Amino acid sequence: MLDRIRIVLIGTSHPGNIGATARAMRNMGLEDLALVTPRCDPRDQDAYSRASGANTLVDAARQFDALEEAVADCTLVVGASARSRHLPWPMVAPRALAESLPAALAPEGARAALVFGREDTGLTNAELQRCHQHVHIPTNPDFSSLNLAAAVQVLAYECRQAFLALDDASATPAAEPDREADLPFGVTWDNPPATHADLERFFAHLESTLTAIEFHDPDNPRQLMARLRRLFMRAHLDSMEMNILRGILGTIDKRLREKS
Ligand code: SAH
């Protein structure tokens, strides 16, 4: 299941950090590296020298123009953040996140992304608002920001430990923890989780319908869409629930057209 965890780096400026990330990932058995608008040449010599042997990951890294594209097929998107932001967001600790992944990745087609920000400015608010949850590595509050590849290393390590613990537990079934209890997508859930692309289409539709009924004013947006994103992402919608919500919006649109 480690192969269904994608590491996404946004706007990386030092190729050495891409190489060091590849090395950290390969050490921990992760393989899927995505780069969103890197601000350097990811195949620079510095990347390969810091990858020291994990060159295949650097070569295989896919590039995207936007976060949404890099995580379109993901069913869980988690943003790694060095500091807290304006609008509070569901926050998990690294170990709790890793321990939740086996259940989150149990449904067929489930895929998780861990998203990391720029070396200088981290993740933007818009990017953080595209994540289901945020993860913060507890550090010295006076000096909280880790080097990018070091942050990847910590989370990749936790993911590996959680999956090793799962192997141990299945070797002795009686000791297996109840992994369904604390997660929205237990293995017996009836519908597959919605993908990030489904969610983005829903949010675009929701915004347009709320604008049409004059509940939402794009010229004075306040935090409405951010709050609605937070609400719906917290619910971890499945694909059937997503279709119902899209259907409701579609019916409102139809009634509006009939009236006008
Ligand atoms: N100066 C930036 C930090 C950039 S560090 C800021 O204040 O936001 C580069 C990236 O590494 C961050 O965007 C984040 O994804 C990750 N990172 C660094 N320290 C972290 C921490 N303590 N917890 C979680 N992620 C961290």
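## A network of charges

R6, D32, R62, D73 and R111 are joined in a network of salt bridges. This is a predicted model. D32 sits in strand β2. Its side chain makes a polar contact with the side chain of R62, at 3.5 Å.

Is D32 buried or exposed? D32 has a relative accessible area of 12%. Buried means under 20%, so D32 counts as buried. Leaving out residues up to four places away in sequence, D32 touches I5, R6, I7, M25, R62 and R111.

## The sheet

Seven strands form an open sheet. Their order is β3-β2-β1-β6-β4-β7-β5, and the pairing is parallel. Which strands stand at the edges? They are β3 (62–64) and β5 (91–92). Each has a single partner strand, so one side of each lacks a neighbour in the sheet. As a general rule, strands of a sheet pair through backbone hydrogen bonds, either parallel or antiparallel.

Now look at one pair. Strand β4 (residues 76–80) and strand β6 (residues 112–116) run parallel and are joined by four bridges. G79 has V115 in β6 as its bridge partner.

Helix α1 (residues 15–28) lies across β1 (5–10) and β2 (32–36). Relative to β2, helix α1 runs at about 160°.

## Two nonpolar cores

The largest nonpolar core has 41 residues. Which of them touch the most other members? They are I5, I7, L9, L33, L101, L114 and F116. Helix α7 (residues 148–171) gives the largest share of this core, eight residues.

Take L114 as an example. Not counting residues up to four places away in sequence, L114 touches I5, R6, I7, V8, V78, L97, L155 and C159. There is also a second, separate core of 15 residues. Among them are A70, C74, V115 and L123. V115 is also the bridge partner of G79.

## Salt bridges

How many salt bridges does a search of the whole structure find? It finds 12. In one of them, the side chains of E158 and R95 meet, with N to O at 2.9 Å. This pair links distant parts of the chain, 63 residues apart. E158 belongs to helix α7, and R95 to helix α5 (residues 94–104). E158 is buried, at 11% relative accessible area.

R229 forms a salt bridge with E200, and their closest N and O atoms are 2.9 Å apart. This pair also links distant parts of the chain: R229 is in helix α9, E200 in helix α8, 29 residues apart. R229 is buried, at 8% relative accessible area. E200 counts as buried too, at 16%. Another salt bridge joins the side chains of E127 and R118, at 2.7 Å from N to O. Both of these residues, E127 and R118, are buried.

## Two positive phi angles

Most residues other than glycine have a negative phi. Two residues here have a positive value. S52 has a phi near 25° and is not a glycine. Where is S52 found? It lies in the loop between α2 (45–51) and α3 (55–60). S52 is partly exposed, at 41% relative accessibility.

R222 is not a glycine either, yet its phi is positive, about 50°. R222 lies in the loop between α8 (196–212) and α9 (224–234). At 70% relative accessibility, R222 is exposed.

Definitions and conventions
Residues numbered from 1 in each chain as written. Predicted model: local features only at pLDDT ≥ 70, side-chain atom pairs only at ≥ 80, totals over all residues. Heavy atoms only, no water. Pairing = 2+ DSSP bridges. Contact = heavy atoms within 4.5 Å. Axes fitted to C-alpha atoms, helices over the stretch in contact; angles between N-to-C directions. Buried < 20%, exposed > 50% of the residue type's maximum accessible area, 1.4 Å probe, protein only. Polar contact = N/O pair within 3.5 Å; in protein donor to acceptor, adjacent residues only side chain to side chain. Core = buried A, V, L, I, M, F, W, Y, C linked by side-chain atoms within 4.5 Å. Salt bridge = Lys/Arg side-chain N within 4 Å of Asp/Glu carboxyl O.
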